[in-house]
Amino acid sequence: MSENATQALIFVKTKQKPISMNEMRSSVIVISLCDSLIQSFYSSLSTFYAPLLLKSAQSKPLANDPKIQTALAELSAGLSLFLREQVSRNSECTNVLGLSDELEFWKSVSARQHGKKSERSRAELFVRLLEPAVKECLRLENSAFITIGPPRKIKTRLSIEDTGENHIGIALAELLDVLDTHITDSLDEVWRCLDPDATQPFPESRMRQLIEAIGYWIVKIVQMHLGCTEHNEQRRDVPYSVLWTLEFRQVKPGIQLGIKACKQWQKSSELLTQKLWRRYAPHPWEGPQPNLAYLTQFCARLTEVLNLRGLYEHLCRLLTRDERTELRMDRGLEHFLFGSWAKDMEFEGESSAPTLVRELFNPLLYNPYTAEQWASTMSMIDSKLRPAEERAASRLRTRLLMANPRGDIGSNQISPIQLLREFQTYQELIRRPIVSQILQAERETMLGYLEASLKEFREEFLKGTGAVLERKSASAGFSDRPVGMITAKNIPESINRILWAGHMESRVSDDLQLVEVLLSDLDRFGLYKQEAMSLIEDVATWRREQFEAWSRDRLARLADKKPKDQNMTLAFEPSGHLLTLSTTDGKLEVGYPDGLVQLQREVRLLTGLGYPVPSKLIKAADQGEALYRYAIVLKQVAHFYNSIDSQMIPSQQALMLNSALAFERLIKSPQLQLRGNLNDIDKGITWDQLSEVETYISQLQAASRQLMSENRKLRKVHFTIVEKIIRLLEVDLLRNQPRWRKATLEPFREWVVLGNLNLDELVDSHCRELIDFERNFKGLKTRGRDAEKLPNEIRIDCITVNCVPIKMSIEGLLQNLFEALQTCLRRSIQGDLVAADAFLTGKRDYEHFEMAPPSFATSDEVAKDLDEHEIMWTQYENFSTELEQLAREDWISFRSKCYLFDEFLTTWFNKLRSTEANPMTVRLQKEIDHYWEVVPALKWVRGDVLSPDHWLELFRLIGLPRGTKLDQLTFGDLLRVSRSIVEHTETLKNLTHRAQAEVVVREALQELDVWGAGATFTLTDYIDSSGQTVCLVKDWKDIVSQVRFDYRTTLPSSILVYRNTLSANHLSFLY
C-alpha cells in the first residue's frame, strides 16, 4: 500500500501461517482506509472500538479499569489535537477539547506569521479574555490534584482522616465560584466582544463545543474530589468508593456541591445561549442549546447515590437495634452492599466480581453504555431494602401521628408545619412505593394542607398586587412591611415587587415539586397541579408586567433630556461637559446623573436573575459604570468648590488668592490649562475625552489639595495666634514683663537661632570645599544687610518694644559666624599645605637616592576588600532599614496594605537578581524566599471577623508572647513568628472560617432577639391541678417550630461544617 494512499481496503492476517479458504473468515481482518491514515484510525477508535470496549460484556474488566479508560481518553484526545493542527490554518471548525485547548488554539492563530493582521489581532483579543478563566481552571485542577491526588486514586480510610478534613468534596465550593465569577463572565465577554480588533465575532459552533467541553471538565473535577476509593476489610484486593464507606455526614456536603455545580452549569448554559445571547442584537445566538446530556446523566448518577445514602440513613434512624441486626444493617452501608458478596462469593479481584456488584465499586465512573447494568443494580438493591422499608414505614406512620415526634406531652394532632417538615426530612423514604402505600392517609392529609397553603398564596398574591397593600399582623413582628413583600436595601419599590413575585413563584414551585415527587398518585393531585400552575402563571405574568413597566419607566427617564426633577433624570450625554457652573446660584455641578448609580444596581440585579433588560439600559449602565470612578472624584471636588468659602477665614482669603485663582481657572477654562490654546478658552472637557479626563481630574485634585492644605495651615496659625493672645491678655503687664518680652521676640526667632549652636562644629560639618566657603561668605554678607533693615522698635497699641539690643545681639552672632568661617578656612588651607609638602618631600628623597617608590599592593588589597564588605553590609543595612519601616506599622492599619510588603519583596528580588552574587545577596535571597511563603498566609491573620477570643487563640497558635494586645500589634511582631504562621496556615484558615460562621449565627441570634422584643402573642387561660388560672401562649409549639425552621433553612449550609466548633448557645440555636 502506498504511504500517500487516502482510500484503500486492507486485509490483515491474524496468524503467521498459510491460510486456507476455510480459515479465511477466522484469520483475516478487513480494514477500510478513508481520507488520511490518522483520520481513519481516530474515527475507528472514537466511534467503534472505544464504545465497544466500554459497553461489551466480554470487556467488562477493561471497561471498569481506570487505567484503560484514561489511556483511551488520552489517545483519543491526542489524535484529535493532531488532526486539528493539520486542518487548514484559515479554518475555525476544529473540535474544541476544553477551555485550555481553546486558549492554545487562539494563541496559535495569533502567532501565525502569514495570517492577516486583523485575524491575529482578533485572536490576541480572545486570548486576553479567556486567559483569566483558564488560569483559574488550572489552579483548581492543581489544587484538586495536590489535595486529593490523581483522579480515582486508591486511598485508605486512615489517609482521609489524616488530612484533618471532616468532609470530602468541600473544596468543590471553589468550583461553583469559578463557574460563576470567571468562566461564565469570560464566555459572556468573548461573545459580546465589540472591540474594533474583533473584526468577526466568536463563532457559534466553537462556543457550543466549548460549553459542552466545560461540562465534561466539571465531571472530571467532581470525580477528582469525590472519586476516592478504599479497600474492604475482607477483600483487600477490591477498592470501594468512599461514598459508600464514609459516614453520611462526611460525604453529603460534597455530593450536594457536585450536584449543584452540574445544575449551575446547565442553568448558565441556558441563560447565556437562550436568553442573554439570543437577545443580543450585535451577535445573537441562533442555534439550539448546547448538548449537556453527559453532564445531566452524571448529575442524575450523583443524585441517585445521594438518595440511596439518605434512604439508608432514614432506615437506620427509624429501625431499632435488633431490627438493624436482623436485616444486616448494623455494620454500615458498605457491609450491607458488599459484605455478603465479598464473603460468600469467591471472585478474585475487581475484574472477576459479579457484573451487578462491579457497578457499585465506584459509581462516579459513569458510562452511558452501562446504564442498563446500573439500573439492574439499583433494582437489586431495592429488593434488599424492601423488608427494612416495610418496618420503617410503620414506625414513620406512628411518628407522624404523634403531636411531638420526641415524645413530649401535647395534643394528638400534628401541626401542618411539623407534618411538612417530616415529609421533607423523610422524602427519600416516603417516595418508595411500599412506604408510599402504607402512608396513604398521611399523604392525603399533607395534600390537604398544601391545598390550603395554595389558597393562602393566592390570597397573598391578590393582596400584594392590590392598590392598597394590607399590613401583616403586629404579632409577626414585621408590621412595617407589605404582605410578604421583600424590602431589599437601596432598591426601589418596583424592583421589590419583581423580587417578591419571583420569591412567591419559587415558593409555589417548590411545593408543587414536593407534591409531584411524593403525592402524584393521589386523586386530588391533578386539581392541585392545575391550580398551582395557574397561580404560577398568574404570578409570572404579573411579574413580567412589573418588569416591563420598570423598563418603560427607565427608558423614558433615559430619553428625557430636560426633566422637571433633575434627581429623576437618567439622561447622560458622553459628549457633555464634566463640570458646569449653575447660572442660578453659581454652584459647581457634575454632568453625571445620580440616578445612573441606582440604574447600575438595578440592571446588575435583574440581569443576574435572567431578565431581558433592554440593550439601551444595559449600555447606559455600562457607560455609567465605566465613568463612575471619575464621577465620584468630581462630586468631591464640586462639594469642595461649593463649600470652600465657608471654610475660609475672611481675613486670610487674600493670602490664598493665587491658589484659589488657579483652582477656579481649572474649573472655568480646563482646555486652556491642559493645552494652553487661547482658542479653546471657552471649551470644557467632555466625558468621551478619556485620555484627557484622567489628566484633568488629577490637576483638579492637586489644585484642590493645594488650596485645602494652605487653608488648613493658615487656620491652624490663626487659631494658634488667637490662643496665645488670649493667654497674654490674662497676664499682668507690670508683674510679668519677661513673658511679654518673650512673646514679642517670636518674630526674631530665625535670627537668634545661631545662639544655640556650636558655630565651629557647624562650619566644619558643612564647609568642605572652596565653593562652600564662598557661598556662605556671600550669604553672610546678604544676611548682614537684611539685619540692618530690622526695626529699632515695635509698637503694639500703647506699648513700645525696644529692639536695639536684639539687633546688636544679631550683629554679634553674625560676626561670630564670620570669624568661625575664617578660622575653619585657615585650618583647611594649612592642612592641605602640610599634605602637599609631605607628598612632594617624600617623592623627592626617593629620587635623590635613585630608589623606586615603595609598593603598597597589600594595602590596596585590604582597601579593596574593605570596600567590598562595605558595599555588602550597606546593602544589608538598606534592606533591614526598609523592612524595619514596614515592621513598625501597626497591624490593624497595615493589614489592608499588605501589597506594600509584596512590592518590597519584588523590588529587592529584582535588585538582587541584577547584582553580582556574594554571601550577602545569598542570605538576603533566602530571607526573601521565606517571606514569599509568608505572603499568602497573611490573609488568614487579617482578623476582619475575629472576636477577642479568636485573637487570643490566634496569638497562642502562632506563638506570640502572653499579654500581646491587638491595638499594640505591629507587622514586625508577625514577621518574628512568620515561620509559625506558615506552619499553621491550615489551622489559621479554619479559625477564620469558623469566625465567619459564628458571625453569621450571631447576626441570626440578634435578629431573633429583635423578633422576640417586638413579638406579641395570643394568651389563653388554663386551670392547673391546684385550681389556679394560668395564662398560656396559644400555639406556642407552632410559633417556636416555625421560627426555628425558618432560621435553620435560611442559614447557609457552610455553617454546618463548623458546628463542632460553635458554642453551646450557637448550637442550641442551630438545632
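Arg-458 has a relative accessibility of 25% and therefore counts as partly exposed. In this predicted model, Arg-458 forms a salt bridge with Asp-538, with the closest N and O atoms 2.8 Å apart. Because Asp-538 belongs to helix α22 (residues 525–559) and Arg-458 to helix α20 (residues 440–464), the contact ties together parts that are 80 residues apart in sequence. Asp-538 is likewise partly exposed, at 31% relative accessibility.

The structure holds 34 salt bridges. Another of them joins Glu-694 to Arg-629, where the closest N and O atoms are 3.5 Å apart. This pair links distant parts of the chain, with Glu-694 in helix α27 (residues 690–729) and Arg-629 in helix α24 (residues 615–647), 65 residues apart. Glu-694 is partly exposed at 41% relative accessibility.

A further salt bridge brings together the side chains of Arg-923 and Glu-927, at 3.8 Å from N to O. These residues are 4 apart in helix α36 (residues 919–937), which means that about one helical turn separates them. Arg-923 is partly exposed at 40% relative accessibility, and Glu-927 is partly exposed at 22%. Elsewhere, a network of salt bridges links Asp-553, Arg-554, Arg-557 and Glu-602.

Charge also gathers on the surface: Asp-865, Asp-867, Glu-868, Glu-870 and Glu-916 make up a patch of negative charge. Of these, Glu-870 is found in helix α33 (residues 857–887).

The strands β9 and β10 (residues 1029–1033) pair in the antiparallel sense over 5 bridges, and Asp-1021 stands opposite Cys-1031 in β10. The two strands form a hairpin with 5 residues between them, and Gly-1027 in the turn has a positive phi of about 85 degrees.

How values were computed. Residues are numbered from 1 along each chain as its sequence is written. This is a predicted model: local features need pLDDT of at least 70, side-chain atom pairs count only at pLDDT 80 or more; totals for chains, interfaces and linings use all residues. Side-chain values use heavy atoms; hydrogens and water are left out. Patches are made of residues with over 30% relative accessible area and no salt bridge: like charges are joined within 9 Å, nonpolar side chains (Val, Leu, Ile, Met, Phe, Trp, Tyr) within 5 Å. Accessible areas come from the Shrake-Rupley method with a 1.4 Å probe; for residues, only the protein chains shown count as cover. A salt bridge is a side-chain nitrogen of Lys or Arg within 4 Å of a carboxyl oxygen of Asp or Glu. Lys and Arg count as positive and Asp and Glu as negative; His and the chain ends are not counted. The place of a charge is taken as NZ of Lys, CZ of Arg, CG of Asp or CD of Glu. Two strands pair if DSSP finds at least two bridges between them. Buried means under 20% relative accessible area, exposed over 50%, partly exposed in between (1.4 Å probe, protein chains only).
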